[in-house]
Amino acid sequence: LVTACGSSSDSSSSIVPIPAPIPTPTGPVSLKLETVAGGFSFPLYLTAPANDSRLFVVEKGGQIKIIQNGATLAAPFLDISSRISQSGERGLLSMAFHPQYASNRQFYIYYTNSAGNIVVERYLVSASNPNLADSASATNVMTIDHSINDNHNGGQLAFGPDGYLYIGTGDGGGGGDPFKNGQNTSAMLAKILRIDVSTLPYKIPPNNPYASTAGKAKEIWAYGVRNPWRFSFDAPAAKLYIGDVGQDAKEEINVVDTSSAGLNYGWSTTEGTLCYSGSACDKTGITLPVVEQDHPGSESITGGYVYRGSKIPELQGAYFYGDFVVGWVKSFVYANGAATDQKAWPDLKVDYLASFGVDAANDLYAVSHCSGASCSGPGTIYRIVRQ
């Protein structure tokens with residue numbers, strides 16, 4: 001069985017979708033899933049460069065495919081399958097195009113190497129063929145030891161509105177943060193990292209919280225996350241949304257200002273708003289989630305995006321998120337420090353919802369990792385459209 005971000009329980013060896021009652025959304029908009037392309041081998045992510053009509057689909061096994069004019073191109077954009085480990089939750093997990101990709105040809109990938117360690121690499125697209133990466137251009141950005149356990153690798157790369165590269169890392173795997181990375185600000189795991197990749201080797205942004213602190217990881221932007229599988233920026237509202245996969249009881253979505261440095265999201269002191277140990281804990285200085293989902297109605301949160309497209313103006317400002325195991329899709333609008341207008345969308349149920357994605361026009365997509373009860377069938381890319 002191949003999983004994307006894994007169920008929250010570390011004792012389960014299989015994924016069994018759990019039915020959950022989902023209320024009907026209110027309001028005038030009805031949504032549906034429109035199939036864009038199928039036949040993918042465990043897709044995990046979808047993105048696109050600015051001002052580009054193509055879609056780029058990241059497959060767990062190490063390939064990036066291009067959907068162009070409604071068809072999936074036969075030749076992969078990039079193939080690193082010979083250099084990765086894909087056991088458990090490992091694999092090629094995401095990619096990010098540089099904001100100046102059209103001129104500098106740079107993109108970045110996040111994967112686990114043959115030893116299981118987290119690797120971020122920079123590539124260039126071929127100067128002669130925009131549908132092929134230049135494999136010889138691979139340049140290491142960073143490698144983080146993650147060789148012991150194959151779960152909780154994080155997996156997200158994203159450029160922030162500030163132009164810096166943000167990297168979400170998991171806590172090192174196992175159950176209950178056995179390495180105590182969550183609250184350890186000297187460790188690179190269980191963190192949101194922030195680096196300046198304008199030149200390589202990368203530089204530390206001077207306003208990173210530990211940029212000048214001896215003994216701390218200078219790359220840290222935020223800490224106390226368990227497995228921030230998917231996070232995203234909403235530039236118009238200057239907000240960062242983090243979907244953090246829980247352990248036994250809670251799944252969580254955090255929403256903060258993009259300028260908020262050094263926040264502690266609590267793991268493993270807290271899981272969601274609960275004290276993880278089950279007894280009293282000190283929550284002083286911990287940023288608690290805006291939305292949390294209880295088990296068993298949720299099992300593995302899949303963070304998404306705020307809708308900023310033009311085709312469905314009624315959805316402007318609504319943040320969409322889902323659950324990998326259960327398959328539901330929900331939304332809320334963040335206003336005055338709280339989640340408002342919370343809705344569930346039963347017509348958007350997705351088998352094994354590995355990720356959401358947006359294209360250059362800010363249309364919203366859903367990535368189905370696989371199909372069938374045993375997750376053995378091909379994955380599918382869907383567009384979320386008006387019904």
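## Basis and confidence

Residues are numbered from 1 along each chain as its sequence is written, and side-chain values use heavy atoms, with hydrogens and water left out. Since the model is predicted, local features need a pLDDT of at least 70 and side-chain atom pairs count only at pLDDT 80 or more, whereas totals for chains, interfaces and linings use all residues.

The pLDDT is the predictor's confidence in each residue, on a scale from 0 to 100. For this chain the mean pLDDT is 94, and 93% of the residues reach 70 or more. Over residues 7–26, however, the pLDDT is below 50, although this stretch has 47 contacts in the model beyond near neighbours in sequence; a contact here means heavy atoms within 4.5 Å. Where pLDDT is low, the predicted coordinates should not be read in detail.

## The nonpolar cores

A nonpolar core is a set of buried Ala, Val, Leu, Ile, Met, Phe, Trp, Tyr and Cys residues joined through side-chain atoms within 4.5 Å. Buried means under 20% relative accessible area, exposed means over 50%, and partly exposed lies in between, as found with a 1.4 Å probe and protein chains only. In soluble globular proteins, nonpolar side chains tend to be buried together.

The largest nonpolar core holds 44 residues, and among these Leu 165, Ile 167 and Phe 332 touch the most other members. Strand β10, which covers residues 133–144, gives the most to this core, with three residues. Strands (E, at least two residues) and helices (H or I, at least four) are DSSP runs, numbered from the N terminus. A second, separate core has 39 residues, including Ile 80, Phe 107, Tyr 305 and Leu 315.

Which residues does Ile 167 touch, not counting residues up to four places away in sequence? Its partners include Tyr 110, Val 120, Met 142, Leu 157, Ile 192 and Phe 231, and also Gln 156 and Lys 191.

## Salt bridges

A salt bridge is counted when a side-chain nitrogen of Lys or Arg is within 4 Å of a carboxyl oxygen of Asp or Glu, and by this rule the count comes to 13. Three of them are listed here.

| Pair | Closest N to O distance |
|---|---|
| Lys 250 and Glu 292 | 3.5 Å |
| Lys 250 and Asp 294 | 2.4 Å |

Lys 250, Glu 292 and Asp 294 are linked in a network of salt bridges. Lys 250 is buried, with a relative accessible area of 12%, whereas Glu 292 is partly exposed at 27% and Asp 294 is partly exposed at 44%.

## Disulfides

A disulfide is a covalent bond between the sulfur atoms of two cysteines, and here it is counted when a pair of cysteine sulfur atoms lies within 2.5 Å. A search of the whole structure finds two disulfides.

One of them joins Cys 275 and Cys 281, with sulfur atoms 2.0 Å apart, and with -80° about the S-S bond this link is left-handed. Cys 275 is buried at 19% relative accessibility, but Cys 281 is partly exposed at 24%.

A disulfide also joins Cys 370 to Cys 375, at 1.8 Å from S to S, and the link of Cys 370 and Cys 375 is left-handed, with -90° about the S-S bond. Here Cys 370 is buried at 0% relative accessibility, and Cys 375 is buried at 1%. When the bonded cysteines of the chain are numbered in sequence order, the pairing is 1-2, 3-4.

## A buried loop residue

Thr 185 lies in the loop between β12 (165–168) and β13 (191–195), and Thr 185 counts as buried, at 7% relative accessibility. The side chains of Thr 185 and Lys 216 are joined by a polar contact of 2.8 Å. A polar contact is a pair of N or O atoms within 3.5 Å; within protein, one must be able to donate a hydrogen and the other to accept it, and residues adjacent in sequence count only if both atoms are side-chain atoms. Not counting residues up to four places away in sequence, Thr 185 touches residues including Lys 191, Tyr 210, Ala 217 and Tyr 223.
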